[in-house]
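Me: I'm new to reading protein structures. Could we go through this one together, a question at a time?

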Amino acid sequence: MPLWPVYTGTNEPHDGITELPAPPPWRAFDGGPVLPVPDAAADTAAVSPDRTHRAETYQATEETVELVNAALYLRRPLLVTGPPGTGKSSLVYAVARELGLGPVLRWNITSRSTLHDGLYQYDPLSRLYAARQEAAGEGRTAGAADGSGIEDHLRLGPLGTALLPYDRPRALLIDEIDKSDLDLPNDLLNVLEEGQYEIPELVRAARLTPDGVTEVLADGTDERVPVVRGRVRCRAFPFVVLTSNGEREFPPAFLRRCVTLHLRQPDDRHLAGIVRAHLGEPDACARSLIDRFLSRSGAGDLATDQLLNAIYLARSADLDAESLDRLAEQLMPYLGQSARSDVF
């Protein structure tokens, strides 16, 4: 029998992803040539203190574990919704660390983001300038660049890199998809459904190379990866997490192709576990602040990291009961008005 769950939520790294059963027939991909997943330790951004701490301390609920595994088994994107501070973006780092999926690829969405931005970036002006410099150095007439050298001016984006034919899934975070232009979710449908895309500039240049292979830079690394005849098709469908703060509704066709997880504000037991993971066993001070936090969090103006900030400061300053009460009344609401980070 296949291993369930593959992702356990225990924060203990293991190689269970290799025991993942074959995908459903309609979600099987066969891209190539096969690439090994990069080692997360070799990527400085992936092991920054913030991201490492998130991955090591993430507190997954039972529902989260179940739906992450559903997305892994079905080879479907996971759409994670919920208030700020509930752990939407941190989830992908925890899964990637436990399952050894390499450095997390991250695409931060803005109102100007397009599908092209996520797939690859190409700078034709720098290529034209380089061609003219080369022509001038060789005494040739400077003109439009030919098909050679295009790989030096093209880099795959986070989505484009995630869909390379790796031997195991890559982890991709598409953060705050609800802030995108109205067309982006629909534009993503075909790429995520087919697990492939085409780079027209490399398709045209492929005829100039004997085997049609061009090596280009992948996102988050200085390593080059082969692209055959300008077409990229995944082999192991990436673990894709899309986060949303619920600022807009998505098209039904988009929702139908995602596994949806809604994260709620944690209760007192879950909060105690979060405090324990980050700052050690909750003491009387921490429990007092947890109670105060729960009484205010229903208003929606506080996130879990504000609670941890208050507990950390209270412990560091060794506050008495009166000062602690003043902190809860003044500091925690202040932090809640300005901070929107999502670290749990």
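This is a predicted model: local features need pLDDT of at least 70, side-chain atom pairs count only at pLDDT 80 or more; totals for chains, interfaces and linings use all residues.

Me: Is Arg229 buried, partly exposed or exposed?
Reply: Buried needs a relative accessible area under 20%, and exposed needs one over 50%. The relative accessibility of Arg229 is 41%, so the class is partly exposed.

Me: What is the phi of Arg229?
Reply: Most residues other than glycine have a negative phi. Arg229 is not a glycine, yet its phi is positive, at about 50 degrees.

Me: Where is Glu176, and what is its phi?
Reply: Glu176 is found in the loop between β5 (171-175) and α7. With 23% relative accessibility, Glu176 counts as partly exposed. Although Glu176 is not a glycine, its phi is positive, at about 60 degrees.

Me: How far apart are the end C-alpha atoms of helix α2?
Reply: Helix α2 runs over residues 62-74, which makes 13 residues. At 1.5 Å a residue, the helix should span 18 Å. The end C-alpha atoms agree with that, being 18 Å apart.

Me: Which elements do the buried residues of α2 pack against?
Reply: The buried residues of α2 include Val65, Leu67, Val68 and Leu72. Follow the buried residues of this helix to their partners, and you reach β1 (78-81), α3 (90-99), β10 (239-244) and β11 (259-262).

Me: How many cavities of 30 Å³ or more are there, and what space lies in the largest cavity?
Reply: Rolling a probe the size of a water molecule over the atoms shows where empty space is left. A search of the whole structure finds one cavity of 30 Å³ or more. The space in the largest cavity is about 60 Å³.

Me: Which helix gives the most to the lining of the largest cavity?
Reply: The lining includes Arg27, Leu188, Phe254 and Cys258. By class, it has six nonpolar, no polar and four charged residues. The helix that gives the most, with four residues, covers residues 184-194 and is α7.

Terms used
Residues are numbered from 1 along each chain as its sequence is written. Side-chain values use heavy atoms; hydrogens and water are left out. On a 1 Å grid over the protein atoms alone, a cavity is a set of points where a 1.4 Å probe fits but cannot get out, and a pocket is an open set with protein on both sides within 12 Å along at least five of seven lines; lining residues have an atom within 4 Å of a point. Grid points are joined across faces, edges and corners, and a volume is the space filled by probe spheres set on the points. Helices (H or I, at least four residues) and strands (E, at least two) are DSSP runs, numbered from the N terminus. Ala, Val, Leu, Ile, Met, Phe, Trp, Tyr, Cys and Pro count as nonpolar, Asp, Glu, Lys and Arg as charged, and the others, Gly among them, as polar. The expected span of a helix is 1.5 Å times one less than its number of residues. Buried means under 20% relative accessible area, exposed over 50%, partly exposed in between (1.4 Å probe, protein chains only). Contact means heavy atoms within 4.5 Å.
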